[in-house]
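The sequence and the structure are shown first.

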Amino acid sequence: MNLLFVVGGLLVIGLFFILADVLKLPTLKAAKAMLGAGKESKKASKTLEAWLMSGAVKLARHIRMDEYKRARMANVLKAAGYSMTPEVYTAYALTKSGAILLGVIPCLLLLPLLTPLVVILAVLSYFKEARKADEQLKTKRDQIEGELPRFVATVEQSLKASRDVLAMLEAYKKNAGPAFAHELDVLTADMRSSSYEAALTRFEARFNSPMLSDVVRGLIGVLRGDDSAVYFQMLSHDFKALELQRLKGRAQKIPPKIRVFSFVMLMCFLLTYMVIIAVQIMDSLGTMF
């Protein structure tokens, strides 16, 4: 049996190196560099991910997308912090699931009953990788929307003294959270290199958030010379109400968690008493006999 495992593993490794030579995949160092450039975080790329990325770059040349889907995915990837193209992102998900699917070969030779499990794992891996950018974008959107009530209140107060939108953004950026501060960095740099309205419109399009759209609409009104003080005052009131609803929703999720831990503690206390009683009974029986 051990010999079969060794033969299966060597067969998979041999097939991989043959395919790598036929497809002319880049070296491991080049693959790590590509993977590191494709992500916003600076964590060291794992060796396996580097090999998968090298295969994804080759496969991406054969992937075709319609313009609408490609443009939407490009916006999602940019907002989520990925600098890779939509084709490479899709190819990476396919390559990772395909690598898992290679496990079918040793399973067929050694344990055929595990073959459906490997196939299911490969399918689940593909959908997980394909949704990763959307999940990261949702997390970042929630973080930014959580800061918008404070940002709107700051803009409302700033409009009493100045109408310089860029200065407002620069001033708030110093006290913003990491996600919002990064996006404000991108926004202010875009505003300096192009028109203010176009930069704000692109900022709004990256996240597709109704709350952010309301804020951007008000900032564009300030740029056009509208009296937006009342608008931001009403917007601040609405955002505070939404924030209260969000906090109430979080508070409602806490009691069930507390009940679970309370039940666990109760069971621990009962188990402790039962052990003590059992020990006392055993001692009594021992004394009697």
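Asn 208 is exposed, with a relative accessible area of 67%. The model under discussion is a predicted one. In this model Asn 208 has a positive phi of about 50°, although Asn 208 is not a glycine. Asn 208 is placed in the loop between helix H10 (196-207) and helix H11 (210-223).

**Overall fold**

The protein holds 12 helices and zero strands. Read along the sequence, the pattern is α-α-α-α-α-α-α-α-α-α-α-α. Of the 289 residues in the protein, 33% are buried. Among contacts between residues at least 6 apart in sequence, 60% join residues at least 24 apart.

Helix H5 (residues 86-101) has 16 residues. From its first C-alpha to its last, H5 reaches 23 Å, close to the 22 Å expected at 1.5 Å a residue. The buried residues of H5 include Pro 86, Glu 87, Val 88 and Tyr 89. Thr 90, Ala 91, Tyr 92, Ala 93, Thr 95 and Ser 97 of H5 are buried as well.

For H11, the end C-alpha atoms are 20 Å apart, which agrees with the 20 Å that its 14 residues should span at 1.5 Å a residue. H11 is mostly covered, since 10 of its 14 residues are buried. The buried residues of H11 are Met 211, Leu 212, Ser 213, Val 215, Val 216, Gly 218, Leu 219, Ile 220, Gly 221 and Val 222. Just after H11, Gly 225 takes a positive phi of about 90°.

**Nonpolar core and cavity**

In soluble globular proteins, nonpolar side chains tend to be buried together. In this model, the largest nonpolar core has 49 residues. The members that touch the most other members of this core are Leu 148, Phe 151, Phe 180, Leu 187, Val 215, Leu 219 and Phe 232.

Which residues are in contact with Phe 180, leaving aside its neighbours within four places in sequence? They are Ile 144, Glu 147, Leu 148, Phe 151, Tyr 172 and Phe 203. Phe 180 also forms one aromatic cluster with Phe 151 and Tyr 172.

The structure holds one cavity of 30 Å³ or more. The largest cavity has a volume of about 40 Å³. Its lining consists of Phe 151, Leu 169, Phe 180, Leu 184, Leu 187, Leu 200, Phe 203, Leu 212, Val 215 and Leu 219. Helix H9 (178-193), H10 and H11 are the elements that give two or more residues to this lining.

**Aromatic pairs**

The structure holds seven aromatic pairs. Two of these pairs are set out below.

| Pair | Geometry | Centre to centre | Between the planes |
|---|---|---|---|
| Tyr 82 and Tyr 89 | edge-to-face | 5.8 Å | 70° |
| Phe 203 and Phe 207 | edge-to-face | 6.0 Å | 75° |

Tyr 82 is buried, with a relative accessible area of 10%. Tyr 89 is one of the buried residues of H5.

Phe 203 and Phe 207 both lie in helix H10, four residues apart, which is about one turn of the helix. Both Phe 203 and Phe 207 are buried.

**Glu 243 in helix H12**

Is Glu 243 buried or exposed, or does it fall in between? Glu 243 is partly exposed, with a relative accessible area of 22%. Glu 243 is placed in helix H12 (residues 229-288). Leaving aside its neighbours within four places in sequence, Glu 243 is in contact with Gly 146 and Pro 149. Glu 243 and Glu 147 are 96 residues apart in sequence, and their C-alpha atoms are 9.6 Å apart in space.

Conventions. Residues numbered from 1 in each chain as written. Predicted model: local features only at pLDDT ≥ 70, side-chain atom pairs only at ≥ 80, totals over all residues. Heavy atoms only, no water. Buried < 20%, exposed > 50% of the residue type's maximum accessible area, 1.4 Å probe, protein only. Expected span 1.5 Å × (residues − 1). Core = buried A, V, L, I, M, F, W, Y, C linked by side-chain atoms within 4.5 Å. Contact = heavy atoms within 4.5 Å. Phe/Tyr/Trp six-rings, centres within 6.5 Å; stacked < 30°, edge-to-face > 60°. 1 Å grid on protein atoms, 1.4 Å probe; cavity = no way out; pocket = protein on both sides within 12 Å on 5 of 7 lines; lining within 4 Å. Points joined across faces, edges and corners; volume = space filled by probe spheres on them.
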